[in-house]
Amino acid sequence: MAAHLSSGRVNLTALREAGRRELREFLDKCAGSKAIVWDEYLTGPFGLIAQYSLLKEHEVEKMFTLKPGRLPQADVKNIIFFVRPRLELMDIITDNVLREDRGRSPQRDFHILFVPRRSLLCEQWLKEQGVLGSFIHREQYSLDLIPFDGDLLSMESESAFKECYLESDQTTLYHAAKGLMTLQALYGTIPQIFGKGECARHVANMMIRMKREFPGSQNSIFPVFDTLLLLDRNVDLLTPLATQLTYEGLIDEIYGIQNTYVKLPPEKFAPKKQGEGGKDLPTEPKKLQLNSAEELYAEIRDKNFNAVGSVLSKKAKIISAAFEERHHAKTVGEIKQFVSQLPHMQAARSSLANHTSIAELIKDITTSEDFFDNLTVEQEFMSGIDTDKVNNYIEDCIAQKHPLIKILRLVCLQSVCNSGLKQKVLDYYKREILQTYGYEHILTLNNLEKAGLLKPQVSSRNNYPTIRKTLRLWMDDVNEQNPNDISYVYSGYAPLSVRLAQLLARPGWRSIEEVLKMLPGPHFEERQQLPTGLQKKRQHGENRVTLVFFLGGVTYAEIAALRFLSQMEDGGTEYVIATTKLINGTTWIKSLMEKLEPAPF
Amino acid sequence: MSRVRADEEEYWHSSKCRAFVFDDEEDELSQLKESKRAVNSLRDIVDDDDDDDLERVSWSGEPVGTISWSIKETAFSSTSSLEGQDSSLQKGSSSYPALPKQVSSYSLSSLFKGRNKLSSFQSLSDALSDTGVKNYAPELRRPKSEYKDYSSDWSPKDTVRRMQRGKVCSLERFRSLQDKLVLLDEAVAGHDGNVITAVLIFLKRTLRREILFRELEVRQVALCHLIHFLRETGEQKLLLDLLRFLDRTEELALSQYREHLNIQDVEKRKEFLKGCIGLPFSAEDSSHIQDHYTLLERQIIIEANDRHLETAGQSEIFRKYPRKALILNKPLVTTLFYCCFYHYREAEGTFSSPANLKKTFKIPDKQYVLTALAARAKLRAWDDVDALFTTKNWLGYTKKRAPIGFYRVVEILQRNNAPVQVLQEYVRLVEDVETRLNLATKYKCHDVVIETYRDIKDRVQLTAYKSKVERGSAEEEKINNILSN
């Protein structure tokens, strides 16, 4: 189930294994048969660590979703709540426990597993309700960094950006640092740390402090990572706002990928059985897992969408040819060989069918007029055209009441590409938005201003053109089919964050000191001493491994760009990516919006 | 794909396999067994139609699906949990971009989401002191030494470190202000919001408000955590006091304004908004807040009137087009649309007249025309549409003018199924020849197409267009006339 985790340069199976071990240990503490009551939000991330079979091996017989009321009847010795430390969940648990039939025999034992950590406040809350004493085991399961793929880790902490940049709550950073300590315990001390941004600085400080305070953490593992690069999301506010144009990026933009799963409209996946001329269309969304375990997906996901079609048709030809082979298989040996390949071919066939359908769905959208208009405006902004006046398209979209998030993405993009909007322009947009979508959105606009996404131009100087030119963020001659630069992921725009990583590897940040100073937050370098025996002697031609940690979220297009750099022949560096949350412009802006009460009707 | 599959079936059932005549020199029997086994296991795959099953069912038929899927499975016997599962399946099933739900969040803010009760926090320290702990059920596996944790002689640093590891510590022994502040500074240095907040709650309970505020003012990180905590737990009064103390006027104003979202009753909400008007917002924001209040006030009046009209049944428009939702709390532009729909001809003096709204809220011309156009077009009131764009100059000549491009007018009319006669009148007004031709062709405004080709003297296109119009129709004749001239 986890082969894809070991496919990369760093074998992340070890991290998953560590997570599984911890889980097993906890389950075995509660001897006897068990039922797990799940905080629904945890099932996704947990699914990446363990499947039901593991739980079953440890006598988990039933599983329920956490909700108020009486717990379902289940003849088990233990009831275990798997929950995040949130007070409203404590209320539900309290309700469950209080309604438990005291007369039943044998009595069921209660336990709580807090994910990712125990909370003093939640326990206090339970005590207030008079149920704390009912729990025999109260433990924590530190699910800090969850392995998503062979080169990808995420904390899946959705509100991380908001907390770090709006509320100055550094708890997520604390967990990030702890996650990095766990990584170092498994993969060795990372000798070099680079960073850019306030949060990056904090995390580096915490790591150094934790190392000092727990001298036991000094380990004797040969370091797998050469470098850690910590990047604040607010160093590059631009990239997530633009529409991602890689295959995976577009799937996420349009359908939303959650914990590597995507739900798709079922129509295009209707089984075409003989004799059933297409009646009974499925109504449930088609759910697919997307990761590098699927060979075809691993090949196409990071391509620009315009390059996906040709790969799919080439694959179709190869597979048809492979199936044809069976007519030529005459001897038992040949048949055997064909048969042995069949499961693989069968999987390849269904994989191809799925991705052809997904590509069709996406194409319907990318060929629409509105998608084109929207993209045109984005690209104008990013290449520095007309960023200083009210944009007609945005105005039209407001007039037609397009989704507010779309408007906010565009306005913020314009603001970022102009180092803030002229006061007159900003006021105009604000007014239009408030009049059309409701005055209460003034709170959201305020949040966006605080996060630096939407702001008035303070000085008359617009730094963006300098940054764009120095870092070569806009490339006119982009090659989508056979890319030679990371700018292919946005068909012209090279993600700033990834450019920083690229320049750090070669020729080093010293070459861009001036631009670094224009971007927010300090940039720094730290070294962690290694015992002499562990110092790496690099083989000639061996690539360095850099862990890039995006504090505040990363997009699939940025991941694609880093993978592109990993694969460059003379690149010299391979990247592993970690983040607080996988985001896209929509989920990101949404996390910054003020939660408004539902309308009263 | 099904065709391929059928072929396979045929192949595997065909005689070639059954004949067992192979020329291989190896042990045929064992090889055959192996190949048969392979074929059989293959059938599992080939017969399995839905690829999903591959993910879900292992060879032995055991479910090895994802956890969320398994919950559904194992909970099957219980109807109540089944319902819950059903509803969760519905979520995000729409084809529109499904936004990932909050998946998991670990930090401070997640601890307090939607929480309004505060009383329980007053005695937090109880939980942290040993008396509370003794009530716990016997914890079998806890080593004896851990009980020492509660013996209370930990330094501030150790206390924080223990709390970070989720252990229970008594804070009560930190009595002097000095001790408390050292404890707070240690907590802040640890960066763990859970611990910082626990200490803050202890300080909040044991320190005088002015002292707490004064000390927090020089401790920005702790201050942020307290503000965030107060916001999440809904301790509005203390929050406002704090912001006032800090002189953060704009933040104070917005925090107060945010409260209106929790007021369901519209009258009360209106009164509350009225109270917000004087708050120290930025100049720009303050005019928006004023507008918000005025709008809701308007909506309440309009709503009362219209409800009366509707129930009385006297007004034709309300009979013909019953209202689907209340106008209360709707955005300004929606309100304008509503008024253009139900109250278009009212004199400017009434609250519900569109002209009055336009004036009061300084709605730009463009916005006004777009909204009025959409509303009148929906009612198929083509005369009103006409009037919207007709201007008279001082000589009394009329002229058609639009603050939005006429192509937009055409789009909106078309969306409301305007007849060709109406549509072509506006297509004709589109200035750009190419756009005009495109629109006219798209919406089959033959006259406009023909006239345009005539004007630009494009015989070739005009001749070609003959195939698009009906044979023997007036349009065909028109084309012939032009071509023969």
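Let's begin where two helices of chain A touch: Thr13(A), Ala14(A), Leu15(A) and Ala18(A) in H1(A) meet Thr182(A), Leu183(A), Leu186(A) and Tyr187(A) in H7(A). Please keep in mind that this is a predicted model.

How do we describe such a pair? Two packed helices are described by the angle between their axes and the distance between the axes. For H1(A), residues 13–29, and H7(A), the angle is about 110° and the axes are 10 Å apart. Angles from 65 to 115 degrees count as roughly perpendicular, so that is the word for H1(A) and H7(A). Their crossing is right-handed.

H7(A), residues 171–187, turns up again when we move over to chain B. Along with helix H8 (198–213) of chain A, H7(A) is among the elements that cover the buried residues of H11(B). Chain B itself contributes to that cover too, including helix H12 (193–206) and helix H14 (220–233).

Which residues of H11(B) are buried? Among them are Leu181(B), Leu183(B), Leu184(B) and Val188(B), and the list also includes Lys180(B) and Glu186(B).

H11(B) has 14 residues, and at 1.5 Å a residue it should span 20 Å; its end C-alpha atoms are 20 Å apart, which agrees. Just after this helix, His191(B) takes a positive phi of about 65°.

One last stop, back in chain A: His441(A), in the loop between helix H16 (423–437) and helix H17 (442–450). Is His441(A) buried or exposed? It is buried, because its relative accessible area is 9%, under the 20% cut-off. A polar atom of its side chain lies 3.3 Å from the backbone oxygen of Tyr437(A).

Notes. Residues are numbered from 1 along each chain as its sequence is written. Chains are lettered from A and ligands numbered from 1 in the order in which they are written. This is a predicted model: local features need pLDDT of at least 70, side-chain atom pairs count only at pLDDT 80 or more; totals for chains, interfaces and linings use all residues. Side-chain values use heavy atoms; hydrogens and water are left out. Helices (H or I, at least four residues) and strands (E, at least two) are DSSP runs, numbered from the N terminus. Buried means under 20% relative accessible area, exposed over 50%, partly exposed in between (1.4 Å probe, protein chains only). A polar contact is a pair of N or O atoms within 3.5 Å; within protein, one must be able to donate a hydrogen and the other to accept it, and residues adjacent in sequence count only if both atoms are side-chain atoms. The expected span of a helix is 1.5 Å times one less than its number of residues. Contact means heavy atoms within 4.5 Å. Axes are lines fitted to C-alpha atoms, for helices over the stretch in contact, and angles run from 0 to 180 degrees between N-to-C directions. Angles under 35 degrees count as roughly parallel, over 145 as roughly antiparallel, 65 to 115 as roughly perpendicular and the rest as oblique. A crossing is left-handed if the near helix is turned anticlockwise from the far one by less than a right angle, and right-handed if clockwise.
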